[in-house]
Amino acid sequence: MTARAFETDPFWKFLFPTGDFLTRAAQLASFELTHVHLRNDEVWTTTGEMQGVAMWAPPDKWRQSTRETIRTAPSMLRIFGPRALRLLSVMNAIEKAHPPGPHYYLGVLGTDPSHQSKGVGSAVLEPVLERCDEEGLGAFLESSKEQNIAFYNRQGFEVTRKLDLPVGAPPMWAMWREPR
């Protein structure tokens, strides 16, 4: 489902420009889910049929440690092949855009294309956005698809800056949401 959700996303197309996009994107989504977000207990999905998913990192848990980077390197090499080292500079540039201080980080939000524009994305975001409001903490994300900015604006996010990324990667938009 997540691979299908990102099939038209410029950044994911940059990550996987050739070969079987759906297979490789599914491998990355699975890796993100199992090695990053499930360990933080911050994955929200629709019930029943998988229509959408929001993968969050809680405050101070979004950055991967050096030890974790080394441990996951073989998986990254399998997923990205020879492009893996080149992509490290892109990921470092994205990481530098993170705001200081505690915040929730939305790493992945995906909705199956057949269920987009039906409230699924808003529904899977709601539990953590409510927690942000209750705890008085902001939320951060990078949108890799300019068309999604209006959706995130409706959720309370505002663009803080456009990220021009290295090695030919498409731009992203850093977005912040103040607690309500």
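This report walks through a helix, some aromatic pairs and a proline in a predicted model.

## Helix α6 and its bend

Let's start with α6, which covers residues 120-135 and so has 16 residues by the DSSP assignment. From its first C-alpha to its last, the helix reaches 24 Å, close to the 22 Å expected at 1.5 Å a residue. There is a bend of about 45° at Glu 126, and a proline, Pro 127, follows within four residues.

Which residues of α6 are buried? They are Val 120, Gly 121, Val 124, Leu 125, Val 128, Leu 129 and Cys 132. Just after α6 comes Gly 136, with a positive phi of about 70°.

## Aromatic pairs

How many aromatic pairs turn up when the whole structure is searched? The search finds 6. One of these pairs is formed by Phe 11 and Phe 14: their ring centres are 5.9 Å apart and their planes stand at 35°, so the pair is tilted. Both residues belong to helix α2 (residues 10-15), where they are 3 residues apart, about one turn of the helix. Phe 11 and Phe 14 are both buried.

Phe 16 and Phe 21 make another pair, with ring centres 6.1 Å apart. Why is this pair called edge-to-face? The planes of Phe 16 and Phe 21 are at 75°, and an angle over 60 degrees counts as edge-to-face. Phe 16 has a relative accessible area of 2%, so this residue is buried. Phe 21, with a relative accessible area of 8%, is buried too.

Elsewhere in the chain, ring pairs link Phe 151, Tyr 152 and Phe 157 into a cluster.

## Pro 59 in its loop

Where is Pro 59 placed? You will find it in the loop between β2 (52-57) and α4 (66-80). Is Pro 59 buried or exposed? Its relative accessible area is 19%, and the cut-off for buried is under 20%, so Pro 59 counts as buried.

Leaving aside residues up to four places away in sequence, Pro 59 touches Pro 102, His 103, Tyr 104 and Leu 137.

Key. Residues numbered from 1 in each chain as written. Predicted model: local features only at pLDDT ≥ 70, side-chain atom pairs only at ≥ 80, totals over all residues. Heavy atoms only, no water. Helix = DSSP H or I, 4+ residues; strand = E, 2+ residues; numbered from the N terminus. Expected span 1.5 Å × (residues − 1). Bend = angle between axes of the 7 residues up to and from the residue. Buried < 20%, exposed > 50% of the residue type's maximum accessible area, 1.4 Å probe, protein only. Phe/Tyr/Trp six-rings, centres within 6.5 Å; stacked < 30°, edge-to-face > 60°. Contact = heavy atoms within 4.5 Å.
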